[in-house]
Amino acid sequence: MATPMTYEQVLSKLTALCARGEHCLQDMRTKMERWQIDADTQGRVLDYLVTERYIDEERYARFFINDKVKYNKWGKRKIVQALYMKKIPEEVYAPLLKDVEEEDYERTLLPLLVAKAKTVKGDSNYEKRMKLVRYALQRGFSYEQAQRCMEKIEIFDE
């Protein structure tokens, strides 16, 4: 069995990790649990990381939301679910999500649907449209957003 890490070793590893990129409290808790760090040491380390602003949940959520919309092409619902899983409080991320314009989501969804429409198969146009709507819902977009985007593209012969 490996020798347990000291407070200083844990702190050193996590501050280095936080200096390289944004992380949330839950990420750090998970790491320390994997390293089998006792609860007292975990608390002290997390307090230090928050106090010294290595970890800032609002800053993390801002970057997370931006990256998921822009690069992962996720909708609002999928982002909310991911933030919930990371135990980010709703009062932290809710105002940040309001800053994302509805048009940004639709600008993200439209090319996804156009690309997906080229590969979707179905016996009728209705079936193909429903598969595209389901695809949009799986990516976290609302039904209304999917419908608006479907109206903008003409992909099936009527």
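Trainee: In which helix is the place of Glu 106?

Mentor: Glu 106 belongs to helix 7, which covers residues 102–117. Helices are DSSP runs of H or I with at least four residues, strands are runs of E with at least two, and both are numbered from the N terminus. The structure is a predicted model, in which local features need pLDDT of at least 70 and side-chain atom pairs count only at pLDDT 80 or more, while totals for chains, interfaces and linings use all residues. Residues are numbered from 1 along each chain as its sequence is written, and side-chain values use heavy atoms, with hydrogens and water left out.

Trainee: Which residues is Glu 106 in contact with, leaving aside its neighbours within four places in sequence?

Mentor: They are Gln 145, Arg 148, Cys 149 and Lys 152. Contact here means heavy atoms within 4.5 Å.

Trainee: How many helices and how many strands does the chain have?

Mentor: The chain has nine helices and zero strands. Its pattern along the sequence is therefore written α-α-α-α-α-α-α-α-α.

Trainee: How does the radius of gyration of the chain stand against that of a compact globule?

Mentor: The radius of gyration is taken over C-alpha atoms, and the globule rule is 2.2 Å times the number of residues to the power 0.38. A compact globule of 158 residues would come near 15 Å, but the chain has 21 Å. Its C-alpha atoms fill a box of roughly 70 × 35 × 20 Å along the principal axes. Of the 158 residues, 39% count as buried.

Trainee: How do you know that the span of helix 3 agrees with its number of residues?

Mentor: The expected span of a helix is 1.5 Å times one less than its number of residues. Helix 3 has 13 residues (39–51) and should span 18 Å; its end C-alpha atoms are 18 Å apart, which agrees.

Trainee: Which residues of helix 3 are buried?

Mentor: Thr 41, Gln 42, Val 45, Leu 46 and Leu 49 are buried in helix 3. They cover an arc of only 130° around the axis, which puts them on the same side of helix 3. The arc is that of the directions from the helix axis to the C-beta atoms. An α-helix has 3.6 residues a turn, so residues three or four places apart point the same way. On the other side of helix 3, Asp 40, Asp 47 and Thr 51 are exposed.

Trainee: What do the buried residues of helix 3 pack against?

Mentor: They pack against helix 1 (7–20) and helix 2 (25–34).

Trainee: Which residues of helix 6 are buried?

Mentor: In helix 6 (residues 90–98), Val 92, Tyr 93, Leu 96 and Leu 97 are buried. Seen down the axis, these buried residues fall within an arc of 110°, so they line one face of helix 6. Glu 90, Glu 91 and Lys 98 are exposed on the other side of helix 6. The packing partners of its buried residues are helix 4 (57–70), helix 5 (76–85) and helix 7.

Trainee: Where does Asp 56 lie, and what makes it count as buried or exposed?

Mentor: Asp 56 lies in the loop between helix 3 and helix 4. At 16% relative accessibility, Asp 56 counts as buried.

Trainee: With which side chain does the side chain of Asp 56 make a polar contact?

Mentor: The partner is the side chain of Arg 53, at 2.9 Å. A polar contact is a pair of N or O atoms within 3.5 Å; within protein, one must be able to donate a hydrogen and the other to accept it, and residues adjacent in sequence count only if both atoms are side-chain atoms.

Trainee: Where is Gln 36 placed, and why does it count as buried or exposed?

Mentor: Gln 36 is in the loop between helix 2 and helix 3. Its relative accessibility is 64%, so Gln 36 counts as exposed. Although not a glycine, Gln 36 has a positive phi of about 60°.

Trainee: In which loop is Lys 87 found?

Mentor: Lys 87 is found in the loop between helix 5 and helix 6. At 55% relative accessibility, Lys 87 counts as exposed.

Methods. Buried < 20%, exposed > 50% of the residue type's maximum accessible area, 1.4 Å probe, protein only.
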